[in-house]
Amino acid sequence: MTRSRSLLDWRLRFAVLSLIWGFSFLLIKVGTEGYAPFQVTLGRLLFGTAVLAVAMAARRERLPRGVRTWGHLTVAALLLNALPFSLFAYAELTIPSTLAGICNATSPLWGMALSLVALSEDRPTRLRVAGLGVGFLGVLTVLGAWQGFTGMDARGTGMALLASLCYPIGWIYVRRTLAGSTSSNLSLTGAQLLLATLQLAVVTPLFTTSPTDFPLLPLLAVAALGALGTGVAVLLQYGLVAEVGPTTAQMVTYFIPVIATAAGVVVLGESLTWSTPVGAVIVLVGAALTQIRPRARGAVPADGDRTAREPARAAS
């Protein structure tokens with residue numbers, strides 16, 4: 001009975017995490033209706049950092065020490081938070097939230113492509129390379145390549161795809177520089193979000209003017225995006241990784257575009273052609289194939305008790 005309740009508990013948290021990250025693209029779209037993209041990102045990071053600060057205080061966690069660690073965290077903050085969050089916000093000025101959510105699902109594909117040259121310990125198999133090809137075929141399907149990308153905003157779509165590329169680049173950097181840190185995951189991510197907030201605090205005044213009014217609905221969307229989509233979601237992710245392992249926890253990636261598409265269509269009334277859901281399915285199949293790794297004889301399963309000391313990303 002206890003085990004059954006435990007399994008139900010993590011599945012519920014998995015579902016909540018999927019919903020939070022799936023609705024993030026809707027919240028970005030609503031936020032940009034009242035505020036500039038950099039302002040949306042800055043607000044998101046402020047609220048997210050506040051949530052992690054409270055969590056760190058409750059657990060009596062301290063910020064990491066060491067100039068070198070803070071230097072690496074500055075780069076991680078740019079690649080995993082400040083840059084992709086801003087790119088998604090700018091992208092959704094011209095593309096629907098449904099498309100942004102699907103573009104986010106290409107992160108595993110970019111990661112697989114980068115692993116071909118960047119991670120010698122993560123060599124691809126034929127199945128994973130096939131998954132890469134299938135996934136990008138799905139991207140072409142979503143974009144309507146056979147129609148010459150007619151009606152597709154190339155700039156916004158490019159920004160969304162570039163945002164999804166930032167995540168695996170950031171993770172490769174983190175794995176090479178911070179995986180052996182003695183600081184806790186919560187401490188590293190709290191510092192990372194703080195640094196990303198400072199980065200946006202410097203950039204935002206340079207490219208935007210202060211708002212003269214504060215529309216309530218977009219403001220609430222930004223607050224929810226930060227507090228839930230960046231702060232609470234990270235805490236949920238930590239719990240899932242600790243309880244069921246990183247392999248199971250990362251399966252949330254495959255639910256995000258489904259929820260983002262449903263939210264965009266039902267709540268925002270965004271249009272949906274047949275190629276979008278069909279292409280999204282192909283993308284997810286390809287992404288799933290790229291995550292299949294051969295198990296060496298006698299190897300310890302990936303979902304073991306050991307978890308890397310790495311800051312987590314908050315998926316857009």
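In the predicted model, the buried residues of helix H4 are Ser97, Thr98, Leu99, Ala100, Gly101, Ile102, Cys103 and Asn104. The helix spans residues 97-104 and is mostly covered, with eight of its eight residues buried.

This helix belongs to a chain whose secondary structure comprises twelve helices and zero strands. Read from the N terminus, the order of elements is α-α-α-α-α-α-α-α-α-α-α-α. The protein chain has 316 residues, and 50% of them count as buried. Its accessible surface amounts to about 15100 Å², with 66% of that area belonging to carbon and sulfur atoms. Contacts were also examined by sequence separation: among those between residues at least 6 apart in sequence, 92% join residues at least 24 apart.

Threonine 32 is located in helix H1, which covers residues 2-32. The relative accessible area of threonine 32 is 12%; because this value is under the 20% limit, the residue is classed as buried. With residues up to four places away in sequence left out, the contacts of threonine 32 are Pro37, Val40, Ala89, Glu92 and Leu93.

Arginine 60 is found in the loop that lies between helix H2 (37-58) and helix H3 (67-91). The backbone of this residue has a positive phi of about 55°, although arginine 60 is not a glycine. Most residues other than glycine have a negative phi.

Valine 266 lies in helix H11, which runs over residues 256-266. Its relative accessible area is 70%, so valine 266 is exposed, the cut-off for that class being over 50%. Valine 266 is also one of the members of a nonpolar patch on the surface, formed together with Leu19, Phe23 and Val267. The accessible area of these four residues together is about 380 Å².

The residues described above fall on both sides of the accessibility classification. Threonine 32 in helix H1 is buried at 12%, as are the eight residues of helix H4.

How values were computed:
Residues numbered from 1 in each chain as written. Predicted model: local features only at pLDDT ≥ 70, side-chain atom pairs only at ≥ 80, totals over all residues. Heavy atoms only, no water. Buried < 20%, exposed > 50% of the residue type's maximum accessible area, 1.4 Å probe, protein only. Helix = DSSP H or I, 4+ residues; strand = E, 2+ residues; numbered from the N terminus. Patch = residues over 30% accessible without salt bridge, like charges linked within 9 Å, V, L, I, M, F, W, Y side chains within 5 Å. Areas by Shrake-Rupley, 256 points an atom, 1.4 Å probe, with all protein chains shown as cover. Salt bridge = Lys/Arg side-chain N within 4 Å of Asp/Glu carboxyl O. Contact = heavy atoms within 4.5 Å.
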